Amino acid sequence: MASGDVLQVELVAADRLVWSGEATMIIARTTEGDVGVLPNHAPMLSLMVDGVVDVTTTENETWVAAVDAGFLSVADNRVSILAEHAEMSHEIDLEKARADLDRAHKAGEDDGEHAAAAAAAWAEARLRAVELAK
Amino acid sequence: MAVSLREYRAKIKSVESTKKITRAMELIAASRIIKAQQRALAASPYSRELTRAVSALATFSNVDHALVTEPEVSSHASILVITSDRGLAGAYSSSVIKEAERLVEKLKAEGKTVNLYTSGRKAAAYYKFRNRPVVQSWSGFSDQPTYEDARAIANELIEVFVAGEDEHEHATHEVHVVYSRFRSMLVQEPTALRLLPLEVVEGTEAPAEGDVLPLYEFEPSAHDVLDALLPKYVTSRIYSALLQAAASELAARQKAMKSATDNAQELIKKYTRIANQARQAGITQEISEIVGGVNALADATAASE
């Protein structure tokens, strides 16, 4: 692989830069389905749903992060993943995510609110990220 | 004299304890301001990327969106005033409120009805005291706002902006934000800015001439992406306003507490001088009384001999 063919990745949450570095492949879940991004991908701006982002770094390591609804922008081998919340799998507090999920389900049963559904989706995304990282 | 000496000593003691408090507050503000600045810095990649994406969308698609369309007639305006929750920050809150009042006057002169929204207890108290209606107030986070706080405010403001006049009683055609911009530790300036309708390309963030934005593919469609992006953009703008306001508040508090500490020091010096004078006067009087007594005694013995 030529040295130019790597992706500069930035995973950004609303209040901080979660991860930045070089990668060879990214898999993210958009509203249209899972999308894989390799170097020299065409410029793209797409919406993501709550889910897991899978990144293979240039050192051939893989890390997983949970993101909530945000978007993915790809241009000139620069990839920005923006989400209001984003957590790397090792930062996720498993107990807290489970508790959040339970609480959101309970709140959802009462009135089926939109906020509860969003909280549940975010909690599920975190749980999935931890499972995938194992 | 002895009484006033005691009084002065008591005054010195009380000023000394005041000084200790203001000094502690100064140090706390100083340590928090660094964290506040770091938070503002940490949030900047997000707003930078978001601005980039929104500019790309605005440049390469001709879609119209409710949040960017200039209304034909504008008769209702909303103002969000961002102040602190607590006082003891010098003129911080009052200067922001003054700026807001100026804006209210200006909008009223243009014949618009103004709805007020406040963040921070100081602004809420100001309008409550003057019996002026505030549509909604948020408080409790002025020195460390979170993204959730910004989102709560943004959702409300977007709702009233998007709603038609007959759908929402506070429907509005434009939204302004008044907050204190953090320029440096010494300078914070109250700023009014129009949030909605959005002016997408910010003067500071606009891509340079040569920096041509790539031809993006939008998924699912340009309109859907814009739909999702613009509310986030608004939230991020409010978040950054809140963060700047928090840093400004702490800087203003540090400055105010610094001068309070200095003043207390001056006062202590002054009182110590007066107390010393009073003590010296007391001693002088005692000595002259003793000398007078001894003289009188000597005169008496001399006379009897």
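This is a predicted model: local features need pLDDT of at least 70, side-chain atom pairs count only at pLDDT 80 or more; totals for chains, interfaces and linings use all residues.
Trainee: Which ipTM and pTM does the model score?
Mentor: The scores are ipTM 0.78 and pTM 0.83.

Trainee: And what is the mean pLDDT of chain B?
Mentor: Chain B has a mean pLDDT of 87, and 92% of its residues reach 70 or more; pLDDT is the predictor's confidence in each residue, from 0 to 100.

Trainee: Where in chain B does pLDDT stay under 50?
Mentor: That applies over residues 202-207 of chain B, for which the model has six contacts beyond four places in sequence. Two residues are in contact if their C-beta atoms, placed from the backbone, lie within 7 Å.

Trainee: On to the interface. How many residues does each chain bring to the contact?
Mentor: Chain A gives 23 residues and chain B gives 23 residues. On the side of chain A that touches chain B, at least two residues each come from β1 (7-13), β2 (16-30), β4 (44-47), β7 (70-75) and β8 (78-83) of chain A. Helices (H or I, at least four residues) and strands (E, at least two) are DSSP runs, numbered from the N terminus.

Trainee: Which element has the largest share on the chain A side?
Mentor: That is β4(A), with four residues. By class, the side of chain A that touches chain B has twelve nonpolar, five polar and six charged residues. Here Ala, Val, Leu, Ile, Met, Phe, Trp, Tyr, Cys and Pro count as nonpolar, Asp, Glu, Lys and Arg as charged, and the others, Gly among them, as polar.

Trainee: How many bridges join β4(A) to β6 of chain B?
Mentor: Three bridges join β4(A) to strand β6 (residues 217-219) of chain B, and the two run parallel. Within this pairing, A:Met44 stands opposite B:Glu217. Two strands pair if DSSP finds at least two bridges between them.

Trainee: What is the strand order of the open sheet in chain B?
Mentor: Its five strands follow the order β3-β2-β1-β4-β5, with mixed pairing. β3 (136-138) and β5 (188-196) of chain B are the edge strands, each pairing on one side only. On average, neighbouring strands of this sheet are turned by 20 degrees against each other, direction ignored. Axes are lines fitted to C-alpha atoms, for helices over the stretch in contact, and angles run from 0 to 180 degrees between N-to-C directions.

Trainee: Which helices pack on that sheet?
Mentor: Helix α3 (residues 121-129) of chain B touches β1 (76-82), β2 and β3 of chain B, and its direction makes about 135 degrees with that of β2(B). Helix α5 (residues 222-304) of chain B touches β1, β4 (174-182) and β5 of chain B, at about 35 degrees to the direction of β4(B).

Trainee: Where is the cis peptide bond?
Mentor: The cis peptide bond joins B:Leu196 and B:Pro197, with omega about -5 degrees. B:Pro197 is in the loop between β5 and β6 of chain B.

Trainee: Back to chain A: what is the phi of A:Asn40?
Mentor: A:Asn40 has a positive phi of about 65 degrees although it is not a glycine. A:Asn40 belongs to the loop between β3 (33-37) and β4 of chain A.

Trainee: Is A:Asn40 buried or exposed?
Mentor: A:Asn40 is exposed, because 12 other C-beta atoms lie within 10 Å. A residue is buried if 20 or more other C-beta atoms lie within 10 Å of its own, exposed if 12 or fewer, and partly exposed in between, with C-beta atoms placed from the backbone.

Trainee: What does A:Asp5 touch?
Mentor: Not counting residues up to four places away in sequence, A:Asp5 touches A:Pro39 and A:Asn40. The C-alpha atoms of A:Asp5 and A:Asn40 are separated by 7.0 Å, and the two residues are 35 residues apart along the chain. A:Asp5 lies in the segment before β1 of chain A.

Notes:
Residues are numbered from 1 along each chain as its sequence is written. Chains are lettered from A and ligands numbered from 1 in the order in which they are written.
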